[in-house]
Amino acid sequence: MSNQIRVGVIGCGVISATHIESYREVECVEVAWVCDVKEDRARGTAEKYAVPRATTDYRELLADGSVDVVSVCTDHASHARIVSDAFEAGKHVVCEKALASTSNALDSIIASHAAHPELAFAGIFQHRFEGINRVLRQLVADRAFGRVLTSAMTVHCLRPNSYYEDDWHGKLALEGGSVLINQAIHFIDAMAWIMGGVRSLCAIKDNLAHEGVIETEDTAVVALRFIDGSVGTMEATCASNLHWEHSLAIHGTLGAVEMRNNKPTKVRFADKQAEQHVKHLLETADNPEGVAGARSHYGTGHKAQIADFIDAIRQGRRPFVTGEMAAHANQIVLAAYRSADENRWVDVPAPMEDAAVVSTR
Ligand SMILES: NC(=O)c1ccc[n+]([C@@H]2O[C@H](COP(=O)([O-])OP(=O)(O)OC[C@H]3O[C@@H](n4cnc5c(N)ncnc54)[C@H](O)[C@@H]3O)[C@@H](O)[C@H]2O)c1
């Protein structure tokens, strides 16, 4: 393949601008198509970004043999069909979180990539590109905390009723859930990635502040058993007056850290030299440069993730966050829904090893 990479973006809503802006900053990448079932959105996006082709039918975009890459930026329930069709059409795929709204849809996405391991597949979890999350993951992997005992994640944000006035948010069949699958999933992914994966969980969920507005949950608490044997909790609500506040605490036999909005608020280790070292790592961890004008709660990782994805295609390596890796957070969320619905502990499938070997076409 020539060095030029041609991209089609499917779904021209809120997040599509971040994808398009990110692609535009990678050398020799052209956004060649945009698609939205709403014609005015497809045309408006094409005009705004001088994209040559716009369509309301993504199959037209997939039929263009000169398109190498597809970004899937539609509602959760539509991802599985579009991702599978894109792999069938021979496209590399980057899909927004959450990959899928049901377990069957998630399985079908994973199977559709397994049938095309020569194609690159990335699941968007941009927070994995933030320095602080990488540092925490490395500290856990290096056993800097000794044996981890507990970890606790909270995310509080505010989604007013007006947020749910569109076609899909708050509708079980299209969003698959609300605060866990949409807002908290970023922090669930980061926590599970840092801790090495979740083995089982028990959840409570409810709609406490959006009655008559959403069919889904706005508030949830999850008890967790991690693969390493440690225990943890997740608490999430999208009806809080704290708007986009998140925290993560990790307590081990040798030391503990507490983070608020990606900044360390407490660092205590028995060994004071170790404490200084961890403090230094956490305080100096930096973030990639983000897309200008993107909402601050998205973090700055999208541009880095898109650049990594294009580089992965060019180098014939797997992306930093493959679709298979992104599936674990999705499985945690879907297990939490099952647990809450059935009032029992539920096992979570282990994080997948990505077997795909991508070759340059
Ligand atoms: N990573 C992040 O920080 C982040 C932030 C916001 C949204 N998202 C994710 O991005 C995805 C889209 O969210 P959004 O907020 O942009 O939604 P949105 O409703 O603003 O946009 C989705 C668009 O997809 C279009 N669409 C639906 N089905 C389609 C189809 N079959 N073909 C073509 N177009 C179709 C809709 O008409 C709509 O314009 C979701 O998965 C969401 O969770 C991620």
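How many salt bridges does the rule find across the interface of domain 1 and domain 2? I looked this up and found 1 salt bridge. The rule asks for a side-chain nitrogen of Lys or Arg within 4 Å of a carboxyl oxygen of Asp or Glu.

**Ground rules.** I am working on a predicted model, where local features need pLDDT of at least 70 and side-chain atom pairs count only at pLDDT 80 or more, while totals for chains, interfaces and linings use all residues. Residues are numbered from 1 along each chain as its sequence is written, and side-chain values use heavy atoms, with hydrogens and water left out.

**Whole chain.** I counted 11 helices and 14 strands. These are DSSP runs, numbered from the N terminus: helices are H or I of at least four residues, strands E of at least two. The radius of gyration is 20 Å, close to the 21 Å from the globule rule for 361 residues, so the chain is as compact as a globular protein of that length. That radius is taken over C-alpha atoms, and the globule rule is 2.2 Å times the number of residues to the power 0.38. I read the span of the C-alpha trace along its principal axes as about 60 × 50 × 35 Å.

**Domains.** Domain 1 covers 5–126 + 303–322, and domain 2 covers 130–286. The bounds come from an automatic or database domain assignment. Their C-alpha centres lie 27 Å apart. In the contact I find 11 residues from domain 1 and 14 residues from domain 2; contact means heavy atoms within 4.5 Å.

**Buried area.** The two domains bury about 1,100 Å² between them, with 61% of it on carbon and sulfur atoms. This is the accessible area (1.4 Å probe) that two parts lose on being put together, summed over both. His 76, Lys 97 and Phe 125 supply 42% of what domain 1 buries against domain 2, more than any other three residues.

**Lys 97 again.** A cis peptide bond joins Lys 97 to Ala 98, with omega about -20 degrees. I placed Ala 98 in the loop between β5 (92–95) and α5 (103–114). Most peptide bonds are trans.

**Trp 244.** I noted a positive phi of about 60 degrees here, although Trp 244 is not a glycine. Trp 244 sits in the loop between β10 (231–237) and β11 (245–252).
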